[in-house]
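Dear colleague,

My notes on it follow.

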Amino acid sequence: MGTQLQALIVNMLEQGALAGFLGLGVLISFRFFRFPDLTAEGSYPLGGAVAAALLVAGIDPVLATLAAIAAGMVAGMATALIHTKLRINNIVAGIIVMTALYTVNLRVMGSANISLLSVRTLFDEATSALGLGVHSETAVTIVLTFVLLALAGAALAWFMHTDLGLAVRATGENQAMIRSLGVNTDRTKLIGLGLSNGAIALSGALVAQDNGFADIGMGIGILVTGAAAVMIGEALFGDGSIERWVIATVVGVLIYRFLVALALRVGLAPVDLKLITAALLLLALALPRLRAKPA
Amino acid sequence: MTHAMLALHGVGKTYGAGTVDVVRALDRVSLTLSAGDFVTVIGSNGAGKSTLLNAIAGLMLPDSGRIELDNTDITAAPMHRRAALIGRIAQNPLETTCASMSIAENLAMAVQRGRAHGLRRAVTAARSAEFRERLAAVGLGLEQRLDARVGTLSGGQRQAVALLMATISGPRLLLLDEHLANLDPRTATVVMALTGRLIAAGQLTTLMVTHNMAEAIRWGNRLLMMHAGRIIFEIGGAEKSALTVDTLVRRFHDASGTVLIDDRVLLAS
């Protein structure tokens, strides 16, 4: 039982840290911009696809990962442009880009799946750079990813307190007001959705490198995963400040991963996972409402 | 002669053109405000008061005519372009503040009005000190609550924050669109007194739409009466100082041929 719990916790930390960027990305679109940005379903596998294709082509893992972030940002900006310039509903704009990305991802990868077992990933490089052996790679992955996640979280919190960050937040809450103060909301949406999908693509790129493969189907249901994590964090820690929101999201991702790992361990099949995710999201959505009801 | 801060030349707006329900919301309205003018606007239901303000603020584009602000044609300028020049408050304070953000954050956004939004920290110690000072002058105790979310404030407090936001960066023009209408009478008096102080302190050119006749008479140096999309008369100077509600109602009747009907017009103060 002890080793089982240990395995569960290690799995939670590893998967949770990797998905932490997804949580932060969804926090931006889902909470600050207040709409479910389905671009995530395409930008997450796009991150995996770009990183994997570049790694296989012999590109440095750091560059490959940065390229994945850039690709995700472009995807988010495409959604923002479709929404702002063509005045298409933001959810529909996300669906359009998500659909287009399916083909893009297949083209980038050249097939539905790329194995990374024969190439050196970011985590391989970090492990050997530290002079550690293969058996330490999981630990290195967890530590490295948490360091990156802490940096990303701090950067996001810092950004949301700048003049531009305030304008981005206000764009999601009260567009007419922030426009009347002279902010071009087309631009803040471009920035916000770019950042959001850049973070989500980073998650995809890291997960692919950790798993040892990128797959065309890796993004299915990913928005719901991110939203569930955001809401679990919120339900437990509230949303008192930006810092608290960011930390709550990361903790929410960890808890979500723990629950998923637990569900699989008690005998549920991987095919049941999406149903579990949907149930968790429903629970996280319903919990604050049930609590708010007078007794 | 002081220069014209705001000039409207034959501004028109028609809704439902070509249908039986055609409404001429603005009927070739021409109007000039000199720098420092404080003009109150009153009128019957659907007179076009809010449409007039919305055309100036850029919330809707007129069908005809020209609008100049400080000698610049702004008729078709998008809202975010006029922002540096115009402060505006609506009837509902929800419209011009961000509920989930703090008082300090809302004011910081207002300080940046019309300026580039960069990566500098929005709420600095220096800005907080300035906000505290300005809030103290409001007299509602808000200087103690800089980090409170605006959504937790009462309607009057929120409208006071909105007023500070509209005036903090010294706009060329202040538009008040029935900004007291949602407040209880006592709070309305407090917020209107604050409005008067801020306008005087900043020597702001102001256009204030109200449905309260006593208020329209008491405040400002000019009063405009609107009816059916037109300015039917204007009262200023000594005549305005001596004006009473009764006189105003009679003059409206003489000019429009109808009785002043607005279910919200207050005949008494």
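Where is the kink in helix α1 of chain A centred? In this predicted model, α1, which covers residues 2–32 of chain A, bends by about 35°, and the kink is centred on Ala19(A). After α1(A) comes Arg34(A), which has a positive phi, near 60°.

As to the overall fold, chain A contains 12 helices and two strands. Their order from the N terminus is α-α-α-α-β-α-α-α-α-α-β-α-α-α. The C-alpha trace of chain A spans about 60 × 50 × 35 Å along its principal axes. The radius of gyration of chain A is 19 Å, which agrees with the value near 19 Å that a compact globule of 295 residues would have. Of the contacts in chain A with a separation of 6 or more, 77% join residues 24 or more positions apart.

Turning to the interior, 52% of the 295 residues in chain A are buried. The largest nonpolar core comprises 169 residues, and Val50(A) and Ala52(A) have the most contacts inside it. The element that gives the most to this core is α1(A), with 13 residues. Beyond its neighbours within four places in sequence, Val50(A) is in contact with Ala67(A), Ala68(A), Ala71(A), Val108(A) and Ala205(A).

Finally, the interface: 19 residues of chain A are in contact with 24 residues of chain B. On the chain A side, α7 (163–173) and α8 (175–180) are the elements that give two or more residues. The largest share, seven residues, comes from α7(A). By class, this side has nine nonpolar, six polar and four charged residues.

With kind regards

Definitions and conventions:
Residues numbered from 1 in each chain as written. Chains lettered and ligands numbered in written order. Predicted model: local features only at pLDDT ≥ 70, side-chain atom pairs only at ≥ 80, totals over all residues. Contact = placed C-beta atoms within 7 Å. Helix = DSSP H or I, 4+ residues; strand = E, 2+ residues; numbered from the N terminus. Nonpolar A, V, L, I, M, F, W, Y, C, P; charged D, E, K, R; others polar. Bend = angle between axes of the 7 residues up to and from the residue. Core = buried A, V, L, I, M, F, W, Y, C linked by C-beta atoms within 7 Å. Buried ≥ 20, exposed ≤ 12 C-beta atoms within 10 Å, placed from the backbone. Rg over C-alpha atoms; globule rule 2.2 N^0.38 Å.
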